[in-house]
Amino acid sequence: MPESTTVYDRSDKRFKLVEATMRRNGYRPDALVETLHTVQTTFGFLDDDLLRFVAEKLPVSPSQIYGVATFYHYFTMKPAGKHTCAVCTGTACYIKGTDKVMRLLEEDYDLRDGETTSGDEISVMTVRCIGACGLAPVAVFDGEVIGDLELDTLKETFERWLADG
């Protein structure tokens, strides 16, 4: 793993939550994904220092931990913005206009999948399927599923988020 500039206070109570997950699973290597889920949920992202912490506690090599963390789309290696927009790219959503949604994000906001605005206001990601195909196209704005997504709705939401900055 590359060197990181982030330094955590290991007395931070969030580390106790992560350790509780590892302890509950007997510090078994097969609990790696569950442990990383706990780190992601607790800290909001995975960075090199957090991955090193997991490597110190579980009998799993740092390279394997890094490989798992970067393989699964759920995990992110950098903090999310204040607001999040997850755009479904499943077949039904794509047919109904996800490509137009992503083009608008790129052209109007200079955002691509996995990126965050320069002021850390909005993070955008794509997901393979939200499971709301009957509402296509679908996006999730700060945890709220928005179906039959119109480009105007997307723009209004982004402009409101940016204005709240």
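A salt bridge is taken here as a side-chain nitrogen of Lys or Arg within 4 Å of a carboxyl oxygen of Asp or Glu. The model is predicted, so local features need pLDDT of at least 70 and side-chain atom pairs count only at pLDDT 80 or more, while totals for chains, interfaces and linings use all residues. Residues are numbered from 1 along each chain as its sequence is written, and side-chain values use heavy atoms, with hydrogens and water left out.

We can start with the charged pairs: the salt-bridge rule gives a count of 10. In one of them, Glu 56 pairs with Arg 10, and their closest N and O atoms are 3.0 Å apart. Because Glu 56 belongs to helix α3 and Arg 10 to the segment before α1, this pair ties together parts 46 residues apart in sequence; helices are DSSP runs of H or I with at least four residues, numbered from the N terminus. Glu 56 is exposed, at 51% relative accessible area, and Arg 10 is partly exposed at 40% (buried means under 20%, exposed over 50% and partly exposed in between, with a 1.4 Å probe and protein chains only).

A further salt bridge joins the side chains of Arg 24 and Glu 34, at 3.0 Å from N to O. Here the link runs from helix α1 to helix α2, so parts 10 residues apart in sequence are tied together. Arg 24 is exposed at 56% relative accessibility, whereas Glu 34, at 35%, is partly exposed. Within helix α3, Asp 49 and Arg 52 sit three residues apart, about one turn of the helix, and form a salt bridge with closest N and O atoms 3.3 Å apart. Asp 49 counts as buried at 15% relative accessibility; Arg 52 is partly exposed at 22%.

Finally, helix α4 spans residues 62-71 and contains Phe 71, which is exposed at 64% relative accessibility.

Conventions: Helices (H or I, at least four residues) and strands (E, at least two) are DSSP runs, numbered from the N terminus.
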